[in-house]
Amino acid sequence: VSTQSTGITLKCNHHLHVQCLHALIAASNDTTSFRCPECQRSFGIRLGNQPTNGKMAVKVDSSMSLAGFEQFGTIIVTYSFASGVQDGVSYSAHGFPRVAYFPDNGQGNDIVDLIKVAFKRRLIFTIGDSVTTGARNCLVWNDIHHKTSTQRGDPYGYPDPGYLDRVTAELKSKGVE
């Protein structure tokens, strides 16, 4: 970020008035980061509200492959959470543990490394209303899509030629790159 007499230039080369930057930060629920209003690039370290009682486990099964990635093994990511109370609000964690699958190749490993960062920053899940079940105040995915099925052709599985690029972009939109 460089300053000019009337404002600042962000690393994305977009310009903001100083007053606009202050208003942007004040309007945000996150005092550790902000997004450029033009390109949505994140600045700072964005933190989410994912409960802290969760665990993330990663293992590789070299005997298992995913459709479209038959020549590779599979990275299996397991998320475990318990129901609880956060900020005075009770939430449920039904449907856990949840399991996601990535190909055990260069791009898959890079994405899982980014997923680990996102999990530590509490960005993978959030407390909200489930679109699937209609349940309120429950732990839901936070706009970083995961493939949770190994069944060929399942909408939550592989093959999905653009998935790895899309999830990389979703992580980047949360400031994880």
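Colleague: Leaving aside its neighbours within four places in sequence, which residues is Leu 171 in contact with?

Modeller: This is a predicted model. In it, Leu 171 is in contact with Ile 111, Leu 114, Ile 115, Ala 118, Ile 144 and Val 176. They are called contacts because heavy atoms lie within 4.5 Å.

Colleague: What makes the set of 32 residues a nonpolar core?

Modeller: Its members count as a core because they are buried nonpolar residues joined through side-chain atoms within 4.5 Å. Tyr 79, Phe 102, Ile 115, Ile 124, Tyr 158 and Leu 171 touch the most other members. At least two residues each come from β7 (74-80), β10 (98-103), α2 (106-120), β11 (125-128) and α3, and α2 gives the most, with 6 residues.

Colleague: Which residues are among those of the other core?

Modeller: That core lies apart and has 8 residues, including Leu 10, Cys 12, Cys 36 and Phe 43.

Colleague: Which residues lie nearest the centre of the largest pocket?

Modeller: Of its 23 lining residues, Arg 98, Thr 132, Trp 141, His 145 and Tyr 156 lie nearest the centre. Two or more lining residues come from each of β12 (138-141) and α3 (163-173), with β12 giving the most, 4 residues.

Colleague: How does that lining divide by residue type?

Modeller: The lining comprises 9 nonpolar, 8 polar and 6 charged residues.

Notes:
Residues are numbered from 1 along each chain as its sequence is written. This is a predicted model: local features need pLDDT of at least 70, side-chain atom pairs count only at pLDDT 80 or more; totals for chains, interfaces and linings use all residues. Side-chain values use heavy atoms; hydrogens and water are left out. On a 1 Å grid over the protein atoms alone, a cavity is a set of points where a 1.4 Å probe fits but cannot get out, and a pocket is an open set with protein on both sides within 12 Å along at least five of seven lines; lining residues have an atom within 4 Å of a point. Ala, Val, Leu, Ile, Met, Phe, Trp, Tyr, Cys and Pro count as nonpolar, Asp, Glu, Lys and Arg as charged, and the others, Gly among them, as polar. Buried means under 20% relative accessible area, exposed over 50%, partly exposed in between (1.4 Å probe, protein chains only).
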